[in-house]
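Subject: A structure to look through, with notes

Dear colleague,

Please open it first and keep it beside you while you read.

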Amino acid sequence: MIVVFLLFFGGDRFLQWIWDFIYAERHLLLMSPHFSVCAAFSTHLIFSAPFMLLDVFSPHVGWLQKYRLSREVVGLHRWFRCATRILWKYIVGVLPFTALFVSLRRTHFPERAPSSFHAFRECVSCMLIFDTLFFICHYTIHKIPWLYHNIHRIHHQNRDTFALAAQDSSISELLSLQTLAFTSAMLVGCHPFSEILFHLVNTWMAVEDHCGYEFPWALHRLLPCFGGAPHHLAHHQHFKGNFAPYFRHWDYIFGTSLPISANE
């Protein structure tokens, strides 16, 4: 998340330098479904890795215990089994879908990078749209038993969440989430660089929501409009409420907000 912050607020020249690096023939890689899928899977693993290390060391480091949201510590065997399941679903589901999407989509790569403000505005707009679409779909799936059983049930097998489990879902749910992300970016009309930043933020937010830790510097502590890990853990433990992935306003408006104390 620090890297994304630097990209947003490092200045227009910094963004242009990064974009020039991408644009110099490397933008062709972005049109490759194999590269896109490998980058998405690798990003999820890299963002989850620090929390895996926390799970490894927290039983032996007393002060880490007070930041854990649940008593259960996820062992390495669960982490590796989860990673294997996700990788398999990426190969048999996400990769073919991405190849189809790339073949149908026509992306223009301008020479100029967006300004820092423009990139920030487009990324936040994507997050707000994604949050809204996700809330609608998530709420509907929980209210219709057939949809829950066939699409979402696998994700709820992890009652005590951990970072990698953010994408431990059925193939149909992974494809649905990918569709919502692509749709959000298309509705905003993002610059390709802004869209890359949105996907990075989207992945990090999903990891942080499932990480199982609540540190003083967590985003929801700094910006109360976000739900964060306690907000989403309550949803996993009670199978209801807190349907929005990032922000809290839709759950407040529709009366589906669970008190944070519900996860204790």
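The notes below go through the main findings, one region at a time.

Before the details, please keep in mind that this is a predicted model, in which local features need pLDDT of at least 70 and side-chain atom pairs count only at pLDDT 80 or more, while totals for chains, interfaces and linings use all residues. Residues are numbered from 1 along each chain as its sequence is written, and side-chain values use heavy atoms, with hydrogens and water left out.

I begin with the annotation. An unreviewed UniProt entry places the feature "domain: Fatty acid hydroxylase" at residues 124–256; UniProt positions are given in the numbering used here, feature names are shortened, and annotations may be inferred rather than shown by experiment. This span is 64% helix and 0% strand, and its end C-alpha atoms lie 23 Å apart. Helices (H or I, at least four residues) and strands (E, at least two) are DSSP runs, numbered from the N terminus.

Helix H12, residues 228–238, is mostly covered, since 10 of its 11 residues are buried, where buried means under 20% relative accessible area, exposed means over 50%, and partly exposed lies in between (1.4 Å probe, protein chains only). Among the buried residues of H12 are His231, His232, His235 and His236. What covers them includes helix H7 (116–143), helix H10 (192–210) and helix H13 (249–253). Just after H12, phenylalanine 239 takes a positive phi of about 60°.

The next helix to look at is H6. It has 29 residues and reaches 40 Å from its first C-alpha to its last, close to the 42 Å expected at 1.5 Å a residue, the expected span being 1.5 Å times one less than the number of residues.

How many salt bridges does a search of the whole structure find? The search finds three, a salt bridge being a side-chain nitrogen of Lys or Arg within 4 Å of a carboxyl oxygen of Asp or Glu.

- Arginine 68 and aspartate 55 meet through their side chains at 2.9 Å, N to O. Arginine 68 lies in the loop between helix H5 (62–65) and helix H6 (76–104) and aspartate 55 in helix H4 (residues 33–57), so the pair ties together parts that are 13 residues apart in sequence. Both residues, arginine 68 and aspartate 55, are buried.
- Aspartate 168 and arginine 85 meet at 2.6 Å, N to O. This pair links distant parts of the chain, 83 residues apart, with aspartate 168 in the loop between H8 and helix H9 (171–188) and arginine 85 in helix H6. Aspartate 168 counts as buried because its relative accessibility is 3%, whereas arginine 85, at 33%, counts as partly exposed.
- Glutamate 214 and arginine 221 meet at 3.1 Å, N to O.

Finally, serine 184 is found in helix H9 and is buried, with a relative accessible area of 0%. Leaving aside neighbours within four places in sequence, serine 184 is in contact (heavy atoms within 4.5 Å) with Cys126, Ile129, Phe130, Leu133 and Phe198.

With best wishes
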